[in-house]
Amino acid sequence: MIVTDETIEYVAALAKLDLTDEEKARAKVDLGNILDYVEKMNELDTEGVEPMSHVFPYNNVFRDDVVTNGADPDSILKNAPQVKDGGFAVPPTFD
């Protein structure tokens with residue numbers, strides 16, 4: 001696929017980039033190389049290959065969200081400079 005100057009200007013406008021002539025020339029070459037590589041990848045026989053979103057098996061690695069300090073609010077509030085209605089009292093903020 002041939003990348004034209006108009007293509008580069010269009011892509012730059014979509015990305016809200018203000019490119020110099022030198023940057024446009026470099027982007028034209030780089031985009032051409034990327035598209036050539038993608039075209040080469042299209043030559044591969046992928047018959048019977050199951051599509052995937054990750055190369056490695058992907059699963060949730062986060063721990064379960066378990067409350068560990070909710071049973072004793074008094075010990076939590078003992079470090080508060082001021083307490084009001086069972087919670088931290090903070091000064092009001094204004095714009």
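Lys 16 counts as exposed, because its relative accessibility is 75%. Here, exposed means over 50% relative accessible area, buried means under 20%, and partly exposed lies in between (1.4 Å probe, protein chains only). This is a predicted model: local features need pLDDT of at least 70, side-chain atom pairs count only at pLDDT 80 or more, and totals for chains, interfaces and linings use all residues. Residues are numbered from 1 along each chain as its sequence is written, and side-chain values use heavy atoms, without hydrogens and water.

Start with the layout. The protein chain has 3 helices and 2 strands. Both kinds of element are DSSP runs, numbered from the N terminus: helices are H or I with at least four residues, strands are E with at least two. Read along the sequence, the pattern is α-α-α-β-β.

Now walk along the chain. Lys 16 sits in the loop between helix H1 (5-14) and helix H2 (21-41). Its phi is near 55 degrees, a positive value in a residue other than glycine. Further on, Asn 59 lies in the loop between H2 and helix H3 (73-77). Asn 59 is exposed, because its relative accessible area is 54%.

Then come the strands. Asp 85 is found in the loop between strand E1 (83-84) and strand E2 (87-88). Asp 85 is not a glycine, yet its phi is positive, at about 55 degrees. Asp 85 also counts as exposed, because its relative accessibility is 74%.

Step back to the whole chain. The C-alpha trace spans about 70 × 50 × 15 Å along its principal axes. The radius of gyration is 29 Å, whereas a compact globule of 95 residues would have one near 12 Å. That radius is taken over C-alpha atoms, and the globule rule is 2.2 Å times the number of residues to the power 0.38.

What share of the 95 residues counts as buried? The figure is 7%. The accessible surface comes to about 9500 Å², by the Shrake-Rupley method with a 1.4 Å probe. Carbon and sulfur atoms account for 56% of that surface.

Last, the charges. The protein chain carries 8 positive and 20 negative side chains. Lys and Arg count as positive, Asp and Glu as negative; His and the chain ends are not counted. The centres of the two sets lie 7 Å apart, with each charge placed at NZ of Lys, CZ of Arg, CG of Asp or CD of Glu.
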